[in-house]
Amino acid sequence: MKENQRYAFVLDNRGIKLSTTKEEKAWYKIRKGNAKLIQLKPMIIQLNYKVDNTDNSNIYVGLDVGETTGVGIVQKCKTRNKVIFKGEIKHRKDVSKLMEQRKNYRKLRRAEKRYRQARFDNRGSSKKEGRLPPSIKTRQDEIIRFINKLLKLLDINKVIVEDVSFDIHVLTSGYKPYKWEYQNTYRLDENTRKAVLMRDKFTCQMCGAVETRLEAHHITPKRQNGENTLDNLITLCSNCHTKVTGKEDDYKIIFYNKINGRQVGLRYAMHVMQGKNYLYKELGKIVREVEKTDGGTTANKRIDWNIEKSHSNDGIVITGLKPTKLDIYEYTVKPLRKKQKCKIDKELEIVQGDRVYYTLKYRKKIECYVNAILQSGTLAGYYKLKDYKGNKYGPVSPRSLRKIGSEKGISII
Ligand SMILES: [Zn+2]
């Protein structure tokens, strides 16, 4: 199978951000002595000459924010839309556990002291207006940290974030259903479908099943000119849907009564919205433009463009630019704790290209990256290092190394 494409970020000798290039081409430049390697994953090279006129514009970043955030970066070129980065940010999940742990440590510590009068109202910061719980704030901060890192390598024109699950206009009478590129009469607009499911609280209206494949059923079937509107659609699980199909007339009254007067609940989980508002505000400070889109529109486009559903693919679709090709490597972005107190977990084993701290004699610590890992001989498993000035070290034992993501605490693999 052909290896998926990876692009290298390119800087000129002054650090001006240039267009990305294929990794092979970047290696060619390094071999020819025209550039030096700054980082391996994702690859960054710096040319040793000046480049003036560059076309590094029209770069859109799409974010599908969730427990895992999908990221897609698409550049709108003259003849095609080039996907230059695709990846998933695997957010930390240990924050609330750690906060609880800290709370208990503090409690214990306090209990050990001699009796002191209880103090109230001494948690000022947790009552501050607009304060986000740490578990939510971390997630947003991780995204911002990642975007900040990208901004050093790319001129980002716009960041687009999926805001709500469907286009709210679907609820108004003047709503025009989404017009898909490949007209398919059987397909229901995803915005409408999502609105129906949300109105019925994601529950089958016949058997009450949740957490199963849910479908939107036309109460008056399309062959009887039933419309694609909210008052003609009801949520059924696929089993019930099969039972009803062909016998629509028997169920019409029951179904119409069920959904009569029912409204789409627009109250989202408050904490999700809180987090998003914080994200928009912070993103607005660092990028030129922040745009919002909705899940229905994304789903419609994804189906139109025949793209498989995944977090990172959704990130690409959210940019609104139809990718010309999708044979691109998927990166995993792993935000790290600012202070690595615990042992690094298995997932973060030191591999080639990682950035590490290497402790020299006299406890001098230097930042390097892993250039090679010896595979055979008596020193198998030992690491050869290089620092960013090109000095070589090693072979050294892995015990003398400590992995670092980057100065901003992100490891991209
Ligand atoms: Zn059912």
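At what angle do helix 8 and helix 9 pack, and how far apart are their axes? That was my opening question, and I kept in mind that this is a predicted model.

**Entry 1: helix 8 and helix 9**

I looked up the pair and found an angle of about 100 degrees, with the axes 9 Å apart. Angles of 65 to 115 degrees count as roughly perpendicular, so helix 8 is roughly perpendicular to helix 9. Next I listed who makes the contact: T298, K301 and R302 come from helix 8, while N313, D314, V317 and I318 come from helix 9. I sorted the residues of this contact by kind and got two nonpolar, two polar and three charged.

**Entry 2: helix 4 and helix 8**

Then I turned to another partner of helix 8. Helix 4 (residues 190-199) packs with helix 8 (residues 295-304) at an angle of about 135 degrees, and their axes are 7 Å apart. That angle makes helix 4 oblique to helix 8. I also noted the handedness: the crossing of helix 4 past helix 8 is right-handed. On the helix 4 side I found E190, N191 and K194 in the contact, and on the helix 8 side G295, G296, T297, A299 and N300. Sorting the residues of the contact between helix 4 and helix 8, I have one nonpolar, five polar and two charged.

**Entry 3: helix 8 itself**

Which residues of helix 8 are buried? I wrote down G296, T298, A299, N300 and K301. I then checked what covers these buried residues, and the cover includes helix 4, helix 9 (311-318), strand 8 (158-164) and strand 11 (289-294). Just past the end of helix 8 I came across N306, which has a positive phi of about 60 degrees.

I looked at one pairing in detail: strand 1 (residues 7-11) runs antiparallel to strand 2, and two bridges join them. Here I found Y7 opposite K22 of strand 2.

**Entry 4: the whole chain**

Finally, I stepped back to the protein chain. I counted nine helices and 18 strands. How much of the chain is buried? Of its 413 residues, 27% are buried. I also looked at contacts between residues at least 6 apart in sequence, and 64% of them join residues at least 24 apart.

Terms used:
Residues numbered from 1 in each chain as written. Predicted model: local features only at pLDDT ≥ 70, side-chain atom pairs only at ≥ 80, totals over all residues. Axes fitted to C-alpha atoms, helices over the stretch in contact; angles between N-to-C directions. Helix = DSSP H or I, 4+ residues; strand = E, 2+ residues; numbered from the N terminus. Parallel < 35°, antiparallel > 145°, perpendicular 65-115°, else oblique. Left-handed = near helix turned anticlockwise from the far one by under 90°. Contact = placed C-beta atoms within 7 Å. Nonpolar A, V, L, I, M, F, W, Y, C, P; charged D, E, K, R; others polar. Buried ≥ 20, exposed ≤ 12 C-beta atoms within 10 Å, placed from the backbone. Pairing = 2+ DSSP bridges.
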